[in-house]
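The sequence and coordinates go in first, and my entries come after them.

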Amino acid sequence: MAYYVIPRACRAPLYSHTLSLLGFWALIVVYTHIGTHHLLQVPVPTWLKVVAIVDSVAMVIPVMAFLINIWYTAKGRLGEIHADIGAKFVFTGTIMYFFVSIQGSLMALPDVQRVTHFNNWVVAHAHIGVLGFAGMIALGGLYYTIPKISGKPLFSRFLADFQYWMVLIGMVGFTVVLTIAGLIQGNAWLNGETVYRVLPEIHVYYVVRAGLGLMIFSSAVLGFYNIVRSLFGKAGASS
Ligand code: HEM
Ligand code: HEM
């Protein structure tokens, strides 16, 4: 989606076709071996863990090959991206891809994972990935393609922008509170504290998490309304 939307929105060719091929093949070679990074704390053959850790760190190659390509394509053309709400979502998604992937490579290191495994840190990582990266890019794809496919303008750019900021603030806030809660849990457990005695300490973070989650959910309802109105509303009703 990013390879399609960013060059189109910038009205510029992709920075490097060769780099995109490097990213593709590096992803095929490296990404197919990293699954065991979810099983580093359980009895799995050590060689399998080593392969997963080495390749998780090597993920920096396909990730950066993709990001450099997209970011160089957009270099000097951020105005065009800002002007198009679809491209704005997609571009933000690529920034989240940077953060989730660098964090992921670090989380695959056994010394780091001894603290972060099984607590809210991983849930924070999961949501920078699924919502910040994949979700933002998917929403951008919808906003970019639906007006083109239907031939009708977006019902409200204001609502789409509002959704963008609600998702961004909600997701970043979600990540910050869960990361803090995860560090509290992870360090307490490492010091031999029992699970239930740590729960009162993270209660406040769970309340904030629920608030931010509600905010993201509300923005999804607004986004759904905007898209339905765009599809079924009168042509030319854009505001
Ligand atoms: C270089 C890229 C990435 C690496 C090396 C990486 C690494 C990791 C590691 C090591 C874990 C396990 C943490 C633990 O259980 O202690 C994990 C969990 C997870 N990651 Fe990533 N990650 C990467 C990118 C992503 C992306 C792009 C997404 C989403 C689109 C994602 C989604 C998740 C999810 C959902 C989990 C939690 C799985 C569960 O419920 O156990 N990750 N990641
Ligand atoms: C409105 C936005 C969202 C909110 C408020 C939300 C909230 C949550 C919560 C509260 C959890 C449980 C964490 C725990 O075990 O304590 C969770 C887990 C999870 N969610 Fe979401 N979520 C959202 C969006 C998404 C999206 C868009 C995806 C996938 C595309 C997703 C995938 C996951 C996964 C894979 C887990 C398990 C993570 C793990 O256990 O490591 N979430 N989410």
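The entries below take up the two ligands in turn.

**Conventions.** I am working with a predicted model, in which local features need pLDDT of at least 70 and side-chain atom pairs count only at pLDDT 80 or more, while totals for chains, interfaces and linings use all residues. Residues are numbered from 1 along each chain as its sequence is written, chains are lettered from A and ligands numbered from 1 in the order in which they are written, and side-chain values use heavy atoms, with hydrogens and water left out.

**Ligand 1, the iron.** I looked up the donors (N, O and S atoms within 2.8 Å of the metal, or 3.2 Å for Na, K and Ca; water is not among the atoms, so sites may look incomplete). For the iron atom of ligand 1 I found a single protein donor, NE2 of H125, at 2.1 Å. H125 belongs to helix α8, residues 120-150, where a helix is a DSSP run of H or I with at least four residues, numbered from the N terminus.

**Ligand 1, the shell.** I counted a residue as surrounding a ligand if one of its heavy atoms lies within 4 Å of it. Ligand 1 has 18 such residues, the closest being H37, G104, Q113, H117 and H125. Both α6 (85-107) and α8 supply at least two residues of this shell, and the largest share, 6 residues, is from α8. I then checked polar contacts, taken here as pairs of N or O atoms within 3.5 Å: a side-chain N or O atom of H117 is 2.7 Å from an oxygen atom of ligand 1.

**Ligand 2, the iron.** The iron atom of ligand 2 likewise has a single donor from the protein, NE2 of H127, at 2.0 Å. I located H127 in helix α8.

**Ligand 2, the shell.** Which residues surround ligand 2? I listed V122, V123, A126, H127, V130, L131, F174, R209, G213, I216 and F217. The elements giving two or more residues to this shell are α8 and α10 (195-232), and α8 provides the largest share, 6 residues. A side-chain N or O atom of R209 is 2.9 Å from an oxygen atom of ligand 2.

**Residue classes.** I sorted the shells with Ala, Val, Leu, Ile, Met, Phe, Trp, Tyr, Cys and Pro as nonpolar, Asp, Glu, Lys and Arg as charged, and the others, Gly among them, as polar. The shell around ligand 1 has 8 nonpolar, 10 polar and no charged residues, and that around ligand 2 has 8 nonpolar, 2 polar and 1 charged.

Terms used: Polar contact = N/O pair within 3.5 Å; in protein donor to acceptor, adjacent residues only side chain to side chain.
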